[in-house]
Amino acid sequence: MTHDAGAIGAAELRAARNQSLWLFWAVAIFSLIVNVLMLTGPLYMLNVYDRVLGSRSVATLVALSVLVVFLYAMMGLLDMVRGRVMNRIAARFQARLDQRVFSAALRASSGPKARAEAATAQRDLESIQRLIASPALMASFDLPFAPLFFLGIFIFHPILGFLGLAGAAVLIVMALANQLMTRKQLEEANATSFRSEQLGTQIRQDSDMVQALGMRGAAFGRWNEARSRSLTASIDATDTGGGFSAVIKAFRLLLQSAMLGLGAYLVLQGEMTPGAMIAGSILLGRALAPIEMIVNQWPSFQRAREGWHRLTVLLGEVRPEEPRTTLPRPRARISCEQVTVLPPGESQAALRMVSFVVEPGQAVGVIGPSGAGKSTLARAVTGLWRPAAGKIRLDGASLDQYDPDVLGSYVGYLPQQVTLFDGTIKENIARMSRSPDDAEVVRAAKAAAAHEMILKLPDGYDTPVSSKGGRLSGGQIQRIGLARALYGDPVFLVLDEPNSNLDNAGSTALNQAIRDAKEAGKCVLIMAHRPAAIAECDLILMIEGGGRRAFGPKDEVLREMVQNHREIAASGGKGGGVS
Ligand SMILES: Nc1ncnc2c1ncn2[C@@H]1O[C@H](COP(=O)(O)OP(=O)(O)OP(=O)(O)O)[C@@H](O)[C@H]1O
């Protein structure tokens with residue numbers, strides 16, 4: 001992370017926090033009143049001991065008690081109000097950043113920067129929100145009023161005041177030691193717990209494969225190992241933190257008793273009244289309570305601090321998208337100019353200096369052996385992976401000149417591995433739109449030859465599916481993926497291995513869909529291994545090892561390939577790796 005990016009991310013987080021600045025001030029003022037009202041107890045004690053018992057006046061006792069009930073009621077009310085205000089500050093903070101963090105995490109996961117931070121982004125935001133809403137942060141609002149209580153003790157007797165201050169200093173040193181000693185342990189506990197959770201989720205998601213391949217024992221063993229590491233780290237952290245909490249609690253109780261003892265001595269010396277002795281001990285308890293609370297809740301502070309740091313990196317590296325000038329709907333002309341693409345986080349290019357042009361109404365078959373860079377090209381042309389060098393243009397404008405969501409609506413992308421969202425088939429075809437266009441959903445399904453198949457399902461278009469397809473077969477998922485790609489009249493289609501799961505009828509329907517798209521003036525890129533998928537292609541782009549080997553009319557390129565094969569065979573060499 002560059003220093004500038006970090007500063008920008010931190011400024012964004014601070015701005016979200018500072019939008020509630022006036023509410024923080026309101027909480028500070030409520031805290032001032034609540035802390036002043038906390039003097040009620042000690043003052044009541046002082047008066048009961050020194051006045052009521054001395055004068056034996058029931059009337060004074062009743063009057064004082066009525067006053068105390070009123071003051072405690074006020075204190076309770078204000079305490080409740082400040083708690084509710086803090087809850088709302090926390091909710092505002094999260095609401096303001098939720099979408100921004102979500103979208104930054106989404107973009108970071110397919111980009112080279114801040115990928116690690118993206119994994120926990122939403123959790124990190126929540127950990128800050130939880131801290132703001134917790135009694136722990138409220139305790140930090142009470143902390144500045146500790147001097148008020150110490151002043152009260154000093155007024156009772158300076159020696160008591162010095163004892164209280166010395167005790168508080170010891171407690172603060174212990175709190176700092178707690179912070180220092182648990183920091184690394186808590187970091188380790190948080191990280192290992194996240195890793196074991198992730199592994200558990202992955203194993204559950206791939207449960208079919210885990211069970212079919214007899215991986216249950218091995219998977220469970222690995223998960224158990226991760227879980228044990230997380231448990232050990234968490235025990236270490238809670239042991240240390242819990243130890244400090246216990247010592248601090250015992251020390252605070254001891255200190256209060258010491259105050260009482262010293263107070264009693266001063267009373268015996270005639271330097272103080274018994275009421276002041278009791279009140280002094282209570283005041284000390286009030287002054288030290290926030291320190292104890294902060295130490296006990298230190299893991300929440302630590303989680304929020306780590307989260308804040310990671311979000312600083314994420315938001316600094318993944319800046320909000322600048323609004324773009326709206327361009328007219330483009331023609332289906334795609335040109336790649338010397339495009340080089342690095343997969344996210346990699347330093348080696350998966351595609352090198354590739355150039356070609358596809359005109360409206362043309363379909364180009366992208367062929368090449370496994371790992372040649374076909375899917376990489378698909379991701380680059382759809383705008384998912386930005387080229388490290390060169391330009392990809394749609395109707396003359398480079399892809400980054402389009403708003404990503406608008407560009408997405410121009411793209412009909414069928415990825416190599418189709419995943420669906422939890423929802424109905426209709427919602428999936430309609431790209432999870434909140435207001436799906438039924439007629440368009442059916443049109444897209446018909447174009448993908450999925451209509452009849454969908455009607456045969458128990459609830460037709462309203463059949464619920466899961467991310468892995470649920471009741472759907474591989475071929476059915478692929479057809480729904482194709483219908484999704486065709487939904488909303490995209491400008492161009494990018495179909496990555498579109499017929500890998502299709503039967504003959506499916507392949508025929510796919511070819512019809514490609515013909516229709518060409519007739520409608522769209523252009524189509526088909527990444528393919530199987531010859532049937534390139535039947536409708538006018539052009540062939542052959543890539544190997546990330547570089548362009550050949551590009552031109554289909555027959556010419558195929559003839560050239562056959563020629564090469566013959567020559568290689570004749571010279572006794574081995575055939576090329578083209579599928
Ligand atoms: N997400 C990724 N992270 C890192 N490297 C990747 C990623 N995706 C692909 N690569 C690398 O990029 C190169 C090209 O992969 P790509 O998936 O584009 O090949 P392909 O031609 O589509 O292969 P196949 O026909 O097997 O699908 C490979 O060396 C691969 O290891």
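Before I start, two remarks on how the values were made. Because the model is predicted, local features need pLDDT of at least 70 and side-chain atom pairs count only at pLDDT 80 or more, while totals for chains, interfaces and linings use all residues. Residues are numbered from 1 along each chain as its sequence is written, and side-chain values use heavy atoms, with hydrogens and water left out.

Now to charge pairs. Side chains of opposite charge can pair when their charged atoms come close. The structure holds 22 salt bridges, a salt bridge being a side-chain nitrogen of Lys or Arg within 4 Å of a carboxyl oxygen of Asp or Glu. One of them joins Arg107 and Glu321, at 3.5 Å from N to O. Arg107 lies in helix 4 and Glu321 in the loop between helix 13 (298–317) and strand 1, so this pair ties together parts that are 214 residues apart in sequence. Arg107 is partly exposed at 28% relative accessible area, and Glu321, at 32%, is likewise counted as partly exposed; the cut-offs are under 20% for buried, over 50% for exposed and in between for partly exposed, with a 1.4 Å probe and protein chains only.

In helix 9 (residues 158–205), Glu187 and Lys184 are three residues apart and thus separated by about one helical turn, and their side chains meet in a salt bridge of 3.8 Å, N to O. Glu187 is partly exposed at 26%, whereas Lys184, at 61%, counts as exposed.

A further pair is Glu544 with Arg549, whose salt bridge is 2.7 Å from N to O; Glu544 has a relative accessible area of 27% and Arg549 one of 45%, which makes Arg549 partly exposed. Elsewhere, salt bridges with shared partners link Glu12, Arg100 and Arg319 into one network.

Next, the surface. Ile29, Leu32, Ile33, Val36 and Leu148 make a nonpolar patch of about 380 Å². Helix 2 (residues 21–37) contributes the most to this patch, with four residues, while Leu148 belongs to helix 8 (residues 146–156).

Finally, which residues does the buried Cys336 touch, leaving out those up to four places away in sequence? Cys336, in strand 1 (residues 334–341), has a relative accessible area of 3%, and touches Val354, Ser355, Phe356, Leu377, Val381, Lys391 and Ile392, where contact means heavy atoms within 4.5 Å. Val354 is 18 residues from Cys336 in sequence, yet their C-alpha atoms are 6.8 Å apart.

Asp124, in helix 6 (residues 121–132), is buried too, at 4%. Beyond its neighbours within four places in sequence, Asp124 is in contact with Gly307, Arg310 and Leu311.

Key: Helix = DSSP H or I, 4+ residues; strand = E, 2+ residues; numbered from the N terminus. Patch = residues over 30% accessible without salt bridge, like charges linked within 9 Å, V, L, I, M, F, W, Y side chains within 5 Å. Areas by Shrake-Rupley, 256 points an atom, 1.4 Å probe, with all protein chains shown as cover.
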